[in-house]
Amino acid sequence: MGLLALVPVAGIPTAMTADILVIQVLSTSIASRVAYSYGYDAKDPDEQVFIQRLVRRSFMTQAAKAEPLRDTARAAHALKGRVKWSEKLRNDHRLVAALEKLMNQLGPAGSRVPVQNVAKVVPFVGILIGAGMNSAVLGRVAKDAQRYCQTLFLCEKYGLPLPAALATDDEDDDTQANTT
């Protein structure tokens with residue numbers, strides 16, 4: 001998806017749409033598998049409510065990914081066909097300046113990094129940003145699903161009520177807050 005985001009004009013919207021869809025499917029799959037591993041039927045309406053809540057939460061965290069990917073795509077576009085460095089390029093694209101500095105430090109002492117070399121690295125930064133954020137989102141979904149199922153299992157086992165934070169739906173809370 002990171003490479004797709006670097007396509008001019010339609011790349012970012014297409015990549016974000018595809019990425020959101022894939023993460024939603026994976027979030028649902030992870031939450032369902034965790035529920036099944038604790039002996040809960042993910043097709044049960046009560047479990048579906050929780051799974052959908054996790055999927056909605058993962059959808060909201062996806063929005064944080066848009067800005068860094070857009071910055072990466074803009075930097076790649078600014079470097080396209082460029083031969084010389086300029087202060088305006090460095091000032092307008094902090095990612096480019098940071099990559100230039102890093103590559104200068106990693107290279108032989110006293111050598112300068114050509115613009116073309118930095119331009120080759122920028123797409124990989126976009127890929128790393130997208131993959132890192134997706135990994136964090138999916139990891140959070142897995143942990144939340146596991147905590148919920150553990151809590152539900154223990155509550156059922158010992159005859160305890162489900163904690164209020166897990167028993168209510170976030171949308172119900174928002175609706176009640178807006179009506180009062």
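Over which residues does pLDDT stay under 50, and how many contacts beyond four places in sequence does the model have for them? The residues are 171-180, and the model has two such contacts for them. Here pLDDT is the predictor's confidence in each residue, from 0 to 100, and contact means heavy atoms within 4.5 Å.

Some ground rules. This is a predicted model, so local features need pLDDT of at least 70, side-chain atom pairs count only at pLDDT 80 or more, and totals for chains, interfaces and linings use all residues. Residues are numbered from 1 along each chain as its sequence is written, and side-chain values use heavy atoms, with hydrogens and water left out.

Confidence overall. The average pLDDT of the protein is 84, and 86% of the residues score at least 70. Helix H9, residues 170-179, has the lowest confidence, with a mean of 45, while helix H5, residues 87-92, has the highest, at 94.

Next, the fold. There are nine helices and zero strands. Helices (H or I, at least four residues) and strands (E, at least two) are DSSP runs, numbered from the N terminus. Among contacts between residues at least 6 apart in sequence, 62% join residues at least 24 apart.

On burial, 33% of the 180 residues count as buried. Buried means under 20% relative accessible area, exposed over 50%, and partly exposed in between, with a 1.4 Å probe and protein chains only. The protein exposes about 11100 Å², of which carbon and sulfur atoms supply 62%. Those areas come from the Shrake-Rupley method with a 1.4 Å probe; for residues, only the protein chains shown count as cover.

Now the interior. In soluble globular proteins, nonpolar side chains tend to be buried together. A nonpolar core, as used here, is a set of buried Ala, Val, Leu, Ile, Met, Phe, Trp, Tyr and Cys residues joined through side-chain atoms within 4.5 Å. The largest one has 14 residues, and the members touching the most others are Leu54, Ala145 and Cys149. Helix H2 (11-37), helix H3 (45-62) and H7 each supply at least two residues of this core. H7 gives the largest share, five residues. Leaving out residues up to four places away in sequence, Leu54 touches Ala31, Val141, Asp144 and Ala145. Apart from this core lies another, of twelve residues, including Ala75, Trp85, Leu89 and Val115.

Side chains of opposite charge can pair when their charged atoms come close. The rule for a salt bridge is a side-chain nitrogen of Lys or Arg within 4 Å of a carboxyl oxygen of Asp or Glu. That rule gives a count of seven salt bridges. One of them joins Arg57 to Asp144, with the closest N and O atoms 2.6 Å apart. This pair links distant parts of the chain, Arg57 being in helix H3 and Asp144 in helix H7, 87 residues apart. Asp144 counts as buried because its relative accessibility is 15%; Arg57, at 37%, counts as partly exposed.

Which residues are linked in a network of salt bridges? They are Glu87, Arg90, Glu100 and Arg112. Within that group, Glu100 and Arg90 meet at 2.6 Å, N to O. Glu100 sits in helix H6 (residues 94-106) and Arg90 in helix H5, ten residues apart. Both are buried: Glu100 has a relative accessible area of 5%, and Arg90 one of 16%. Glu100 also forms a salt bridge with Arg112, at 3.6 Å, N to O. Arg112 lies in the loop between H6 and H7, so this pair ties together parts that are twelve residues apart in sequence. Is Arg112 buried or exposed? Arg112 counts as exposed because its relative accessibility is 57%.

Last, the surface. Phe153, Leu154, Tyr158 and Leu160 form a nonpolar patch, with about 430 Å² of accessible area together. Patches are made of residues with over 30% relative accessible area and no salt bridge; like charges are joined within 9 Å, and nonpolar side chains (Val, Leu, Ile, Met, Phe, Trp, Tyr) within 5 Å. Tyr158 belongs to helix H7, residues 115-158, and counts as exposed at 55% relative accessibility.
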